[in-house]
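Dear colleague,

Please find below the structure that I am handing over to you.

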Amino acid sequence: MFSYPTVRTSLIFVAIALVSLLFSDIAITSSNPWQDLGNFFLGVVTPNFFSSEGLMTALLRTVAFAFVGVAVGSASGFLLALVYRFLPVRIFCNFIRAIHELFWALIFLQFFGFHPLTGVLAIAIPYAGIFAKVYSEILDEADPEPRNLLPPGTGVISAFLFARIPDCWHQIRTYTAYRLECGLRSSAILGFVGLPTLGFYLEASFSQGLYSDAGAMLILFYVLIATIPIWVRPKLLPIYVLSAPFFLGEGLPIVWGNVARFFTQDIVPAPLRNGEGLAGLGPWLNDLMVNAALPGIWNTVILTQIALVATGILALLAFPLVSNHFGGPIRRTFGHVFLVIARSTPEYVLAYILLQLWGPSMLPAVVALALHNGGIIGHLIGRQTNSIRLRPDAPKGFNRYTWELTPRVYRSFLAFLFYRWEIIMRETAILGILGIYTLGFYVDSAIQNIHFDRALVLILITALLNIGIDTLGRYIRRKLALQTMPTC
Amino acid sequence: MATSFIRKLVVSSLLFFSASVATAQTFVFTAIPDEDETKLVERFQGVADYLSEQLDVDVRYIPVKSYAAAITAFRNNQVQLAWFGGLSGVQARKLVPGSEALAQGVEDKAFETYFIANTSTGIEPADNLADLADELRGKTFTFGSKGSTSGRLMPEYHIREAFGEAPEDVFSRVGFSGNHTRTLRLVEAGTYQVGALNFQVWKKEMDDGNIDTDAVRVIWKTPPFPDYQWTIRGDVNDRFGDGFKEKVKQALLNLKDPKLLESFPRSGFIPVSNDAYEPIRKTAEEIGILD
């Protein structure tokens with residue numbers, strides 16, 4: 001068994017995670033965490049939907065920001081996908097998607113302030129990068145046959161529209177719909193930095209221990225996501241997309257001078273701005289690396305590796321919950337509900353909730369990342385097992401799980417896991433804003449001290465780290481010959 | 001239930017539309033989010049109504065999620081007036097030349113930070129922070145917000161003075177709770193053993209009977225320092241007419257509504273100048289928050 005490369009790779013990653021655990025900070029520091037957790041669940045089962053007059057407006061704004069952001073991102077992503085074969089375009093797309101929505105929001109807040117454009121761009125920019133990559137992969141896989149059959153002299157645009165798009169249309173639609181769901185999550189968490197979406201009210205109720213109010217918001221959010229197939233209809237889409245911009249709210253007017261100031265002064269490294277010249281840049285950068293970047297990178301990497309393995313373990317434990325090969329329909333329904341909740345709740349919200357309940361350490365972050373990502377992967381491979389047909393005399397129960405199904409789905413499980421490696425790292429960095437000492441913590445500290453030059457360097461470092469992990473993840477998937485799936 | 005729901009829906013849609021007809025000449029102000037949001041909205045909505053009546057212009061309060069967001073909105077001229085802490089005021093006025101501290105609370109002339117500890121630590125109150133050095137070392141500690149004067153700047157300064165070390169080296173865990181109310185709740189619950197907060201928040205929560213005195217107690221009080229103030233942009237007269245700045249100042253100084261003052265909590269507002277905050281600026285420079 002140990003001679004299998006997939007098993008060896010898995011064991012190496014488990015070993016790295018175990019070593020990381022030695023250096024990590026895992027603890028429950030609150031004195032009565034279970035009582036708080038109980039209070040929270042009590043709040044969820046006794047939701048108060050009438051707490052705040054702003055709740056319905058916030059829900060509307062959450063949907064509006066998601067629609068506009070995803071629409072702009074998808075349109076620009078599609079155009080970028082057409083030229084994705086050029087290296088500079090690929091690098092550009094990799095770069096913009098390596099920066100998390102919340103970091104984009106924090107950047108735009110500095111010069112657009114509380115204008116709707118801040119929220120729209122924060123979603124649209126990273127999403128454009130992701131759309132470009134996935135759309136181009138889908139287009140590349142299109143069957144070349146129809147194009148070869150076209151008469152000579154057919155225009156490039158006609159050929160593209162009539163011979164290529166029809167073949168990929170279904171996949172493009174499925175992926176865009178999936179992204180819309182992600183867009184709703186992104187839109188909701190933008191509230192945590194002050195935009196008028198759900199996160200704004202969620203943070204306020206949570207920090208004051210108003211669990212029934214927070215429970216109501218979470219329930220409304222789950223209902224919103226679970227009912228997407230009902231209210232998002234192809235025929236209604238144009239209406240949604242065209243009307244969404246009118247429901248973003250007015251915010252505060254943009255003062256364009258701020259934009260120029262941000263780019264020509266704020267983000268210029270302090271020594272250059274103060275006329276110390278290049279000589280001052282060395283000590284400045286050194287201070288930034290030693291006191292912020294390096295500790296941030298260290299904690300981000302450690303936390304990512306632990307969360308990655310925890311995600312894997314959780315996914316493997318969770319997939320039987322939704323698999324047809326185990327249990328009856330009632331248990332599967334509960335399994336589905338659990339996994340839907342786990343994957344619909346943004347990591348950021350989960351981590352925020354757990355931090356409030358358990359006190360600050362890496363533990364809430366690990367559990368949040370594992371629940372969300374493990375929920376997604378568990379759901380995907382659980383669904384995959386349903387297409388496996390077992391022999392009538394196949395083993396049952398535990399043996400069926402360990403010797404029949406797990407080995408069969410293990411390769412695609414690893415493919416999903418390494419695909420999400422980079423996503424987990426991006427989220428790990430951002431969780432720093434909540435007070436865990438990953439890169440986001442230092443970015444937030446720099447912004448709180450109005451040191452945008454430092455914040456920008458740290459964001460760039462975070463982006464490079466993500467690009468590095470993404471490349472490594474792709475390398476490992478190629479080495480192990482794992483099939484990659486664009487929709488994960 | 002259903003009618004209440006419909007009513008709220010109608011009210012929120014009205015709010016939505018009324019927000020979109022607000023003109024460019026709305027006088028907008030904000031405040032650092034140093035306490036629970038419900039309290040802030042209640043307090044500053046009252047101030048907005050009061051100022052709107054006194055100044056004869058539309059006045060709007062916008063809530064923000066961080067101290068930096070308040071400073072940035074002020075700097076970007078998206079708000080023209082702000083209720084800042086000592087440090088955020090100094091940072092904002094440095095970024096906006098011509099801006100002025102207009103008025104401070106009576107209590108802000110000599111503000112204090114209280115160090116509080118969970119009673120399970122057994123730490124007894126002392127007159128000097130250095131006397132508590134042995135008992136404090138290795139404990140878990142929470143500041144308020146990263147940009148707070150009484151919740152971060154002054155406590156960090158005094159910790160560095162007493163120990164000659166950074167807080168991260170003195171305590172086993174250092175956190176930022178986000179605001180003063182949360183610092184109080186976290187130390188009361190034992191999530192952190194020790195914390196530092198705004199003394200007015202402590203007193204008000206104590207008067208309201210919201211503190212479990214068996215669980216948390218004050219262990220040290222800092223020497224006084226200047227804190228909160230109203231700061232206004234220098235260019236408001238160009239936009240709202242001559243003498244507007246003076247009108248705002250007078251309106252703030254004349255604010256006598258006891259309920260509104262109680263919500264701050266301040267006994268009244270008195271004139272102040274930028275120079276009064278020099279000690280804060282120096283302290284911030286000393287510990288590297290300002291450059």
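Predicted model: local features only at pLDDT ≥ 70, side-chain atom pairs only at ≥ 80, totals over all residues.

The domains of chain A

The assignment for chain A places residues 1–31 and 275–488 in domain 1, and residues 49–266 in domain 2. Domain 1 of chain A brings 37 residues to the contact and domain 2 of chain A brings 32 residues. Their centres, taken over C-alpha atoms, are separated by 22 Å. Between them the two domains bury about 3,200 Å², and carbon and sulfur atoms account for 73% of this area. Two salt bridges are found across this interface.

A residue in helix α15

Helix α15 of chain A (residues 281–318) contains A:Asn299. Is A:Asn299 buried or exposed? A:Asn299 counts as buried because its relative accessible area is 15%, below the cut-off of 20%. Neighbours within four places in sequence aside, A:Asn299 is in contact with A:Met362, A:Tyr437 and A:Thr438.

The interface of chains A and B

Contact between the chains involves 52 residues of chain A and 45 residues of chain B. The area buried between chain A and chain B is about 4,000 Å², with 52% given by carbon and sulfur atoms. On the chain A side, A:Phe50, A:Glu53 and A:Gln448 lose the most area to chain B, together 18% of what that side buries. Five salt bridges are counted between the two chains. The side chains of A:Asp444 and B:Lys146 also meet in a salt bridge, at 2.7 Å from N to O. Residue pairs in polar contact between chain A and chain B number 19, both residues being at pLDDT 80 or more. The elements giving two or more residues to the side of chain A that touches chain B include α3 (54–82), α5 (101–111) and α20 of chain A. The largest share of that side, five residues, comes from α20(A). Its residues divide into 24 nonpolar, 20 polar and eight charged.

The domains of chain B

Chain B is divided into domain 1 (22–108 + 227–286) and domain 2 (112–221), with 27 Å between their centres over C-alpha atoms. The contact takes 21 residues from domain 1 of chain B and 17 residues from domain 2 of chain B. About 1,500 Å² is buried between these domains, 57% of it on carbon and sulfur atoms. In domain 1 of chain B, the residues that lose the most area to domain 2 are B:Tyr67, B:Leu87 and B:Thr283, together 31% of what that side buries. One salt bridge is counted between the two domains, and six residue pairs are in polar contact, both at pLDDT 80 or more.

With kind regards

Definitions and conventions: Residues numbered from 1 in each chain as written. Chains lettered and ligands numbered in written order. Heavy atoms only, no water. Domains from an automatic or database assignment. Contact = heavy atoms within 4.5 Å. Buried area = accessible area lost by both parts, 1.4 Å probe. Salt bridge = Lys/Arg side-chain N within 4 Å of Asp/Glu carboxyl O. Polar contact = N/O pair within 3.5 Å; in protein donor to acceptor, adjacent residues only side chain to side chain. Helix = DSSP H or I, 4+ residues; strand = E, 2+ residues; numbered from the N terminus. Nonpolar A, V, L, I, M, F, W, Y, C, P; charged D, E, K, R; others polar. Buried < 20%, exposed > 50% of the residue type's maximum accessible area, 1.4 Å probe, protein only.
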